Amino acid sequence: MKIENTDLDEVLLITPEIFKDNRGYFYESFNKRKFEEISKKKFDIIQDNQSYSDEGTLRGIHFQTQPYAQAKLVRVISGQVYDLAVDLRRESKNYCKWEGIYLSAEKHNQLFIPEGFGHAFLVTTSHAIVSYKVNNDYSPEHERCIRYNDPKLNIKWPLDNFVLSHKDKQGEYIRDDISYF
């Protein structure tokens with residue numbers, strides 16, 4: 001397992017070691033001991049989620065506030081997405097900065113997004129199946145959504161036309177007068 005830092009503190013790109021032969025391939029998609037040893041971060045998975053989306057679907061920018069903030073480990077099982085993490089920690093030097101990385105089934109790469117960050121992804125192939133492991137329960141009353149086109153973030157999405165849920169269309173703009181974390 002190879003773990004690389006991104007431009008945002010604590011957001012990590014993970015690439016597994018893949019073993020191929022004439023039958024196909026095998027890889028370890030997650031190993032708690034190795035992850036924590038290499039990353040120096042504790043990550044206790046309590047839920048594993050999966051979504052299917054068609055091309056152009058944009059999900060996010062989602063996060064949960066304390067005490068239900070979630071860290072996520074995101075990977076693509078089929079297709080490709082442009083995966084995005086946004087630092088929402090007001091005291092961080094990277095507040096309102098974002099990192100976008102292509103995750104694909106072909107590359108088998110994963111993105112670790114710690115608590116305190118918003119998360120979104122945009123499907124850039126005909127479809128994508130995305131799996132993400134989280135370390136805290138889902139709590140509807142702690143769930144928040146930041147608008148995908150918030151001018152404060154100025155995100156450069158790789159596509160122009162999006163398929164959005166009603167909830168994502170109604171996302172809020174970042175407010176500096178409140179602390180999300």
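**The nonpolar core and its surroundings**

Modeller: Happy to! The largest nonpolar core has 19 residues, and those with the most contacts inside it are I61, L84, I146, L153, W157 and I174. Please keep in mind that this is a predicted model. The elements that give two or more residues to this core are β6, β7 (72-87) and β10. Apart from this core lies another one, of 17 residues, with V11, I101, L111 and V130 among them. As a general point, nonpolar side chains tend to be buried together in soluble globular proteins.

Let's stay with I61 for a moment. Leaving aside neighbours within four places in sequence, I61 is in contact with L84, V86, G118, H119, A120, R144, C145, I146, R147, Y148, L153 and I155.

The largest pocket has a volume of about 360 Å³. Of the 21 residues that line this pocket, H62, K72, Y132, E143 and K167 are the closest to its centre. Two or more lining residues come from each of β5 (47-54), β6 (58-64), β10 (117-134) and α2 (166-169). The largest share, six residues, is given by β6. By class, the pocket lining has seven nonpolar, nine polar and five charged residues.

Notes. Residues are numbered from 1 along each chain as its sequence is written. This is a predicted model: local features need pLDDT of at least 70, side-chain atom pairs count only at pLDDT 80 or more; totals for chains, interfaces and linings use all residues. Side-chain values use heavy atoms; hydrogens and water are left out. On a 1 Å grid over the protein atoms alone, a cavity is a set of points where a 1.4 Å probe fits but cannot get out, and a pocket is an open set with protein on both sides within 12 Å along at least five of seven lines; lining residues have an atom within 4 Å of a point. Grid points are joined across faces, edges and corners, and a volume is the space filled by probe spheres set on the points. Helices (H or I, at least four residues) and strands (E, at least two) are DSSP runs, numbered from the N terminus. Ala, Val, Leu, Ile, Met, Phe, Trp, Tyr, Cys and Pro count as nonpolar, Asp, Glu, Lys and Arg as charged, and the others, Gly among them, as polar. A nonpolar core is a set of buried Ala, Val, Leu, Ile, Met, Phe, Trp, Tyr and Cys residues joined through side-chain atoms within 4.5 Å. Buried means under 20% relative accessible area, exposed over 50%, partly exposed in between (1.4 Å probe, protein chains only). Contact means heavy atoms within 4.5 Å.
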